[in-house]
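Subject: Structure for you to look at, with notes

Dear colleague,

Here is the structure I said I would pass on, together with some notes to read beside it. Please look through the sequence and the model before you turn to them.

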Amino acid sequence: MSQLFKCKDFSLCYWNPYWMLPSDVCGMNCFWEAAFRYSLKVQPAQRMHLAVVACGERLEETITMLKSAIIFSIRPLQFHIFAEDQLHDSFKGILESWSFLQTFNYSLYPITFPSENAAEWKKLFKPCASQRLFLPLILKEVDSLLYVDTDILFLRPVDDIWSLLKKFNSTQIAAMAPEHEEPRIGWYNRFARHPYYGKTGVNSGVMLMNMTRMRRKYFKNDMTAVRLRWGDILMPLLKKYKLNITWGDQDLLNIIFFHNPESLFVFPCQWNYRPDHCIYGSNCQEAEEEGIFILHGNRGVYHDDKQPAFRAIYEALRNCSFKDDNIRSLLKPLELELQKTVHTYCGKIYKIFIKQLTKSIQDRYDRPPKER
């Protein structure tokens, strides 16, 4: 009987069309081993999950952000797009026209809040902004997620920030960058009327989450001695602090991680580079050394003339097609545009805007496929 479960020739076992039947050629032990190896062989690469919330006039920004994610990323992407109903058809039309790429899937969702407090959540800070707080409760089947604002541009593969999930210790559930590097220009440490994380608070425009851990955790808080789960802590926090918060959902996140600092992984400013990092002089050392990894054009700087360096990057990626040659030829005209911005503090250090972008294009499009 033991001979029935001894595989004499694994290659025969693997390719044997009758492997469901135990035999002296392929026993059941061999069958299970073969099935396991086969499943590994054909299983698609695990998708990286990226979420964004788009309302009002944010369609173009969101599309440009998604394009930047697709251009540089290596593993396939799953987009979770939360948008007002009137934007759904536009998103579908554009994303379906990109289906030839076969590098991403997408899901569109309506903007939804807990019914008993929907009106209160909708008017918090900006329309739809607080939707991000409910992602762990809505996307119940998603283990990990990268949330980004619509005004984000990826200058290196999403794979690289996704890999930071592996650096979380056993207590960390999310990752964000500091709101400021320089306390003298910090907002939270000078003006906040509520608790905030660390010395200068954190910015929630780029937020990496292990949502399985977020759903399981019981959070310390200043409302009750009882620890509360994610779905139970949000509304009590809003009721307590709604007259004291300025930046809406970001402030609530700061309050949560003030009381639970062991739960936050803080990544460097180059992963969430904003005008604050150069508007009064350069204060993101990591970006000076390695370049900007993720550009965050908050304060509407992609659409006005206040920070032309940010706008130049945005317009270059907005106008870029998915053709390899078009992506390769992006850099020279972009550098010429950036050289026109040296009259601003951000423009004076324009080389950090293209340092990582240049490397990303070389790695993804200039090297032979086997070397990528």
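Predicted model: local features only at pLDDT ≥ 70, side-chain atom pairs only at ≥ 80, totals over all residues.

Residues are numbered from 1 along each chain as its sequence is written, and side-chain values use heavy atoms, with hydrogens and water left out.

Buried here means under 20% relative accessible area, exposed means over 50%, and partly exposed is in between, with a 1.4 Å probe and protein chains only.

**Aromatic pairs**

The structure holds 16 aromatic pairs, where rings of Phe, Tyr and Trp (its six-membered ring) pair if their centres lie within 6.5 Å, and planes under 30 degrees apart count as stacked, over 60 as edge-to-face and the rest as tilted. Y273 and F310 form a stacked pair, because their ring centres are 6.3 Å apart and their planes are at 20 degrees. Since Y273 lies in the loop between β10 (264-266) and α12 (285-290) while F310 is in helix α13, this pair ties together parts that are 37 residues apart in sequence. Helices (H or I, at least four residues) and strands (E, at least two) are DSSP runs, numbered from the N terminus. Y273 counts as buried at 0% relative accessibility, and F310 counts as buried at 0% relative accessibility.

F310 also pairs with F353, with ring centres 5.3 Å apart and planes at 85 degrees, so this pair is edge-to-face. Here F310 in helix α13 and F353 in helix α17 are 43 residues apart, so that distant parts of the chain are linked, and F353 is buried, with a relative accessible area of 0%. Elsewhere, W187, Y188, F191, Y196 and W247 form one aromatic cluster.

Two charges sit over rings, which requires NZ of Lys or CZ of Arg within 6 Å of the ring centre and within 35 degrees of the ring normal. K217 lies over the face of F219, at 5.6 Å from the ring centre, and R364 lies over the face of Y365, at 5.9 Å from the ring centre.

**Helix α15**

In helix α15 (residues 331-339), the buried residues include L331, L334 and L338. These cover an arc of only 65 degrees around the axis, which puts them on the same side of α15; the arc is that of the directions from the helix axis to the C-beta atoms. On the other side of α15, K332 and L336 are exposed. The buried residues of α15 pack against α13 (308-318), α14 (324-328) and α17 (351-366).

**Loop residues**

Q102, although not a glycine, has a positive phi of about 55 degrees; Q102 is found in the loop between α4 (88-97) and β3 (104-109) and is exposed, with a relative accessible area of 72%. R299, also not a glycine, has a positive phi of about 65 degrees, lies in the loop between β11 (294-296) and α13, and counts as exposed at 53% relative accessibility.

H277 lies in the loop between β10 and α12 and is buried, with a relative accessible area of 1%. Leaving aside its neighbours within four places in sequence, H277 is in contact with E181, C269, N272, S282, N283 and C284.

Conventions:
Contact = heavy atoms within 4.5 Å.
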